[in-house]
Amino acid sequence: MEIEEDIALAPLTTMKVGGTARFFCGCASEEEIGEALEWAGGRGVRVHVLGGGSNTIFADAGFDGLVLKVGIGGVERQQMGEETLVTAGAGEDWDALVLSCIESDLSGIECLSGIPGSVGASPIQNVGAYGQEVRQTVALVRAFDRRTLLQVEFTREECDFAYRQSRFKGRDRDHFIITQVQFRLPRQVIPELRYAELQRNLDEAGVDLSRLEPGRPASSAIRDLVLGLRRRKSMVLDPTDPNSRSVGSFFLNPVLSPAEVEQLRDRWRQAGGEGEVPSYPERDRARVPAAWLVERAGFHKGFRRGGAGISVNHALAIISCGGGAKDVISLGRKIEETVERKFGVRLEREPVVVGEERIGR
Ligand SMILES: Cc1cc2nc3c(=O)[nH]c(=O)nc-3n(C[C@H](O)[C@H](O)[C@H](O)COP(=O)(O)OP(=O)(O)OC[C@H]3O[C@@H](n4cnc5c(N)ncnc54)[C@H](O)[C@@H]3O)c2cc1C
């Protein structure tokens, strides 16, 4: 384990903004994580855990502590009847894992193709896209307890998964470092599509999942489709596409009570808005697309403000356009304030902002 000093953080994130880390350490094993935590603990140095940096924004002033990048690798498979247990190190690349599972004719995570970042971060916000979330397939999460320095394991039920949420982002934020995630994936099944846009695109392309050429699993056809859709929205990382210089969606879709939805509809009607407010059932509440609110609040695709803007291909993706973290955060705050003033709905930010207290208005 090597502790480096004054390491630039922007290249370690997908937004490409932020200052330097006072200390930096890449950890390739549980032992190295333990050593790094002891090193920091002994010196009273704060620790921030980093994966692929695709949901993280570092302040321009940097981080005056130790950035611990989890780089634990390795993928193991164990056959369990009709299912396979796939256990991956937290530092493995998420999309590489998805691809390798599809190539082995395993299903359950194909709709999550193209999501950047590490395997270890996938349970943190219960990553999801196109009708799938990792909570449907996670069997076990292995982690390091930052306070006791002991190894612990969580079953799926113990992870408290919910829409873009888990105990690791909620009540146990910054308490555990995830070292391994185990998924339970079925073999040779035709995945059930739960996302209308995906099914429609499949139908339009004339793809029949039950009649693919030999050797082409249904999940690989779904992956191709998902990657195509994501590329059109600049939702896959592409160094040649400035609209992918983001953290993906900047805001979560608000989940509102029936009374709050009614209030939103009233406000929309009173403002002379045309058409219905879109909403989708979420247990006894309703999920309203944040993109709809952002666009109706006047922040259209391609909008620019200072050194930040909104992707021309995705209304929820704030992108960095040559400015710093301050420009990105300030645009995010402007959108939050405007949506709240216009619609009475408070948007919740999705990415983690490290050192926000050092970002002025
Ligand atoms: C273009 C683009 C598209 C995206 N599309 C989607 C999408 O469709 N769906 C979706 O859900 N997300 C999406 N995201 C967001 C992001 O890719 C995911 O949240 C991803 O899981 C983050 O992984 P990471 O390794 O980059 O996390 P990081 O940004 O490095 O970290 C995110 C958080 O997790 C913590 N963390 C990371 N690793 C560990 C670990 N091993 N143990 C403990 N804590 C850890 C960090 O401290 C931080 O709080 C997108 C992002 C981009 C840039």
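A polar contact here is a pair of N or O atoms within 3.5 Å; inside the protein, one must be able to donate a hydrogen and the other to accept it, and sequence-adjacent residues count only when both atoms are side-chain atoms. This is a predicted model, so local features need pLDDT of at least 70 and side-chain atom pairs count only at pLDDT 80 or more, while totals for chains, interfaces and linings use all residues. Numbering starts from 1 along each chain as its sequence is written, and side-chain values use heavy atoms, with hydrogens and water left out.

View 1. T56 puts a polar side-chain atom 2.7 Å from a ligand oxygen. G52 uses a backbone N or O atom instead, 2.7 Å from an oxygen atom of the ligand. Over at R230, a side-chain N or O atom sits 2.7 Å from a ligand nitrogen. On its own the ligand has 980 Å² of accessible area (Shrake-Rupley, 1.4 Å probe), and the protein covers 94% of that.

**View 2. The shell around the ligand.** There are 33 residues around the ligand (a heavy atom within 4 Å), and V49, G52, S54, T56 and S118 come nearest. The shell splits into 16 nonpolar, 14 polar and three charged residues, with Gly counted as polar.

View 3. The chain divides into domain 1 (4-70), domain 2 (75-232) and domain 3 (242-358), with bounds from an automatic or database assignment. The C-alpha centres of domains 2 and 3 are 26 Å apart. Six residues of domain 2 and eight of domain 3 make the contact (heavy atoms within 4.5 Å). Together the two domains bury about 600 Å², 41% of it on carbon and sulfur atoms; that is accessible area lost on being put together, summed over both.

**View 4. Around Y280.** Y280 belongs to strand 14 (residues 280-282). Setting aside neighbours within four places in sequence, Y280 touches R285, A286, R287 and P289. L225 is 55 residues from Y280 in sequence and 23 Å away, C-alpha to C-alpha.

Methods
Buried area = accessible area lost by both parts, 1.4 Å probe. Helix = DSSP H or I, 4+ residues; strand = E, 2+ residues; numbered from the N terminus.
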